[in-house]
Amino acid sequence: MNEKRKLVIVTALKLFSAKGSAATSMQEIAELCGMSKGSLYLMFKSKEELEASTLEYCVYILMDKMSQIEHENGLTSRERLHKQFEALLKHVSELKEFLRVQLRSMMEDESQRNEQRTPQQRDIEIRTLHWFKKKLEDLYGSEIEPYTIDLILMTHGLLLSYVKIWFTEMPNLTVSKMATNLLQTMDYAAQGCLKHRPVPLIPLEQWPAWISDPQPDTAMLRHPAHILKQMQEIASRELPSGQTRNDVLETIAILRQEIMEFSPRRAIILGMMHNLADIPILEPLHSELQHIMDTIHNRFIQADSSHT
């Protein structure tokens, strides 16, 4: 993100958070950024587009906070997730007025919102799904996998309900108490699923974000996590036992972990991709993965340069 675009988004965010987007004009934002209203409209076609970009910026700021907690030492899986729930709720609290409008807009027309998702927003959705699935398995073991989507939907709905009540009726609720209650409710639901083994309402393998098919050269590229899982299966099955197979599997595991981080480190990804480049049985998948990563990287560069 270039500095001028970032200045506009941060300025808009401050104004939206202070008095709401409806009471904030594009003229006011332009003046505070030291530019003309016309220049602002060259950067953002409408206030709605600026709001969407501001929301996306908020998501990435939250990702950075979550990623920092992910790499903290000395925390159990439960302590880490509790701390991440707290970070999420604190972030929401700081953006209360801005998010109040966004939440209302999100609930008004969910289908239209889905149609208007950008490739970046879709990528965030898929990465969040994989991240939450891993969190569930860290807490409850691999047997929780069939209930991944049911638990995600329950947690998402509960979180939105907490925030709505917090904003409108019970401002005395604390971040710590909400995070604790959210985690406890998730415990009860997960333990009930593992004890009684009900048939999942929505199996993981039927969820669109999990089973999206590869469509090269479009916005619907297969997610890298799917390719890496396939690589792992092939390497485990077809490479002979020994150091080479162990090295390949370790490289795939590191690459998969890094890709699913909220803030992936490009240097690590490039290094791991280089290590897999000379494995013949993985070459088709390696080429597909490289194509996807190059495409995504170029999209972000083009999206940024188009606003300079």
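In the predicted model, leucine 50 touches Val8, Ile9, Ala12, Met26, Ile29 and Phe44, when residues up to four places away in sequence are not counted. Leucine 50 belongs to helix α4. Its relative accessible area is 0%, and because buried means under 20%, leucine 50 is classed as buried. One of the residues that leucine 50 touches is Met26; the C-alpha atoms of leucine 50 and methionine 26 lie 9.3 Å apart in space, although the two residues are separated by 24 residues in sequence.

Leucine 40, when its neighbours within four places in sequence are left aside, is in contact with Val8, Met26, Ile29, Ala30 and Met35.

Helix α4 (residues 47-70) and helix α5 (residues 77-94) pack at an angle of about 155°, and their axes are 10 Å apart. Angles over 145 degrees count as roughly antiparallel, and α4 is therefore roughly antiparallel to α5. The crossing in which α4 passes α5 is right-handed. On the α4 side, the residues that meet α5 are Cys58, Ile61, Leu62, Lys65, Met66, Ile69 and Glu70. Their counterparts in α5 are Arg80, Lys83, Gln84, Ala87, Leu88, His91 and Glu94. Sorted by class, this contact of α4 with α5 has seven nonpolar, two polar and five charged residues.

Two further residues, one from each of these helices, were examined. Tyrosine 60 is placed in helix α4. Its relative accessible area is 25%, so tyrosine 60 is partly exposed, whereas leucine 50 is buried. Between the C-alpha atoms of tyrosine 60 and isoleucine 124 the distance is 9.3 Å, while 64 residues separate the two in sequence. Histidine 82 has its place in helix α5. Histidine 82 counts as buried because its relative accessibility is 18%, and the cut-off for a buried residue is under 20%. Apart from its neighbours within four places in sequence, histidine 82 is in contact with Ser176, Ala179, Thr180 and Leu183.

The backbone at arginine 197 was considered separately. Most residues other than glycine have a negative phi. Arginine 197, although not a glycine, has a positive phi of about 55°. The position of arginine 197 is in the loop between α10 and α11 (208-211). Arginine 197 is partly exposed, as its relative accessible area is 42%.

For the chain as a whole, the secondary structure comes to 15 helices and zero strands. Of the 308 residues in the chain, 40% are buried. Among contacts between residues at least 6 apart in sequence, 70% join residues at least 24 apart.

Technical notes
Residues numbered from 1 in each chain as written. Predicted model: local features only at pLDDT ≥ 70, side-chain atom pairs only at ≥ 80, totals over all residues. Heavy atoms only, no water. Axes fitted to C-alpha atoms, helices over the stretch in contact; angles between N-to-C directions. Helix = DSSP H or I, 4+ residues; strand = E, 2+ residues; numbered from the N terminus. Parallel < 35°, antiparallel > 145°, perpendicular 65-115°, else oblique. Left-handed = near helix turned anticlockwise from the far one by under 90°. Contact = heavy atoms within 4.5 Å. Nonpolar A, V, L, I, M, F, W, Y, C, P; charged D, E, K, R; others polar. Buried < 20%, exposed > 50% of the residue type's maximum accessible area, 1.4 Å probe, protein only.
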